[in-house]
Amino acid sequence: MLRQCDAAVDVSCSSDGSSGSGSGRGSASFTECQFGKVLRELGSTWYADLGPPFGVMYCIKCECVAIPKKRRIVARVQCRNIKNECPPAKCDDPISLPGKCCKTCPGDRN
């Protein structure tokens with residue numbers, strides 16, 4: 001079974017495709033990916049859940065993508081840091097809200 005870690009984040013990846021925390025890995029199936037103990041459908045996206053004590057990392061977006069491998073297509077988990085995609089806050093003292101990656105201004109409803 002082929003495994004790969006295509007993470008573009010600060011997570012160390014071992015040769016078997018698991019992350020340094022043991023929670024993320026790619027699957028050799030062509031219709032689904034495995035991230036930790038959860039199977040995800042091809043094309044699905046989610047925020048990385050590293051489990052306790054870290055929990056959901058709302059600035060790390062993962063996707064189950066199809067990758068051509070020799071004569072077949074396999075599914076792989078690709079994760080990337082989306083914090084640099086956040087728009088600049090339009091106030092002097094932006095705050096971080098639970099469940100959100102980007103800082104926002106107090107009173108904003110986004």
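There are 5 disulfides in this structure, a disulfide being counted when two cysteine sulfur atoms sit within 2.5 Å. What you're looking at is a predicted model, where local features need pLDDT of at least 70, side-chain atom pairs count only at pLDDT 80 or more, and totals for chains, interfaces and linings use all residues. Residues are numbered from 1 along each chain as its sequence is written, and side-chain values use heavy atoms, with hydrogens and water left out.

**Disulfides**

- Cys-59 pairs up with Cys-101, with 2.1 Å between the sulfur atoms. This pair links distant parts of the chain, 42 residues apart: Cys-59 is in strand β4 and Cys-101 is in the segment after β5. (Strands are DSSP runs of E with at least two residues, and they're numbered from the N terminus.)
- The Cys-59 and Cys-101 link is right-handed, with 110° about the S-S bond.
- How accessible is Cys-59, buried or exposed? Cys-59 is buried because its relative accessible area is 18%, and buried here means under 20%, exposed means over 50%, and partly exposed is in between (1.4 Å probe, protein chains only).
- Cys-86 and Cys-102 make another disulfide, with their sulfur atoms 2.0 Å apart. Both cysteines lie in the segment after β5, so this pair ties together parts that are 16 residues apart in sequence.
- The Cys-86 and Cys-102 link is left-handed, with -85° about the S-S bond. Cys-102 has 28% relative accessibility, so it counts as partly exposed.
- Then there's Cys-91 joined to Cys-105, S to S 2.3 Å. Cys-91 and Cys-105 each lie in the segment after β5, so the pair ties together parts that are 14 residues apart in sequence.
- Which hand does the Cys-91 and Cys-105 disulfide have? The torsion about its S-S bond is about -105°, so this disulfide is left-handed.
- Cys-91 is partly exposed, at 26% relative accessibility, whereas Cys-105 is buried, with a relative accessible area of 9%.

**Nonpolar core**

- The largest nonpolar core has 10 residues, among them Phe-35, Trp-46, Ile-60 and Val-77. Four of its cysteines are Cys-33, Cys-62, Cys-64 and Cys-79, and Ala-48 and Ala-75 are in there too. (A nonpolar core is a set of buried Ala, Val, Leu, Ile, Met, Phe, Trp, Tyr and Cys residues joined through side-chain atoms within 4.5 Å.)
- Which elements give two or more residues to this core? They are β1 (32-35), β3 (45-49), β4 (56-69) and β5 (72-81).
- For background, nonpolar side chains tend to be buried together in soluble globular proteins.
- Leaving aside neighbours within four places in sequence, Trp-46 is in contact (heavy atoms within 4.5 Å) with Phe-35, Ile-60, Cys-62, Cys-64 and Val-77, and also with Arg-40, Lys-61 and Glu-63.

**Strand β5 and Gln-78**

- Gln-78 is in strand β5, and it's partly exposed because its relative accessible area is 31%.

**Surface**

- Val-56 is in strand β4, and this valine is partly exposed, with a relative accessible area of 32%.
- Together with Tyr-47 and Tyr-58, Val-56 forms a nonpolar patch on the surface, with about 240 Å² of accessible area.

Terms used:
Helices (H or I, at least four residues) and strands (E, at least two) are DSSP runs, numbered from the N terminus. Patches are made of residues with over 30% relative accessible area and no salt bridge: like charges are joined within 9 Å, nonpolar side chains (Val, Leu, Ile, Met, Phe, Trp, Tyr) within 5 Å. Accessible areas come from the Shrake-Rupley method with a 1.4 Å probe; for residues, only the protein chains shown count as cover. A salt bridge is a side-chain nitrogen of Lys or Arg within 4 Å of a carboxyl oxygen of Asp or Glu.
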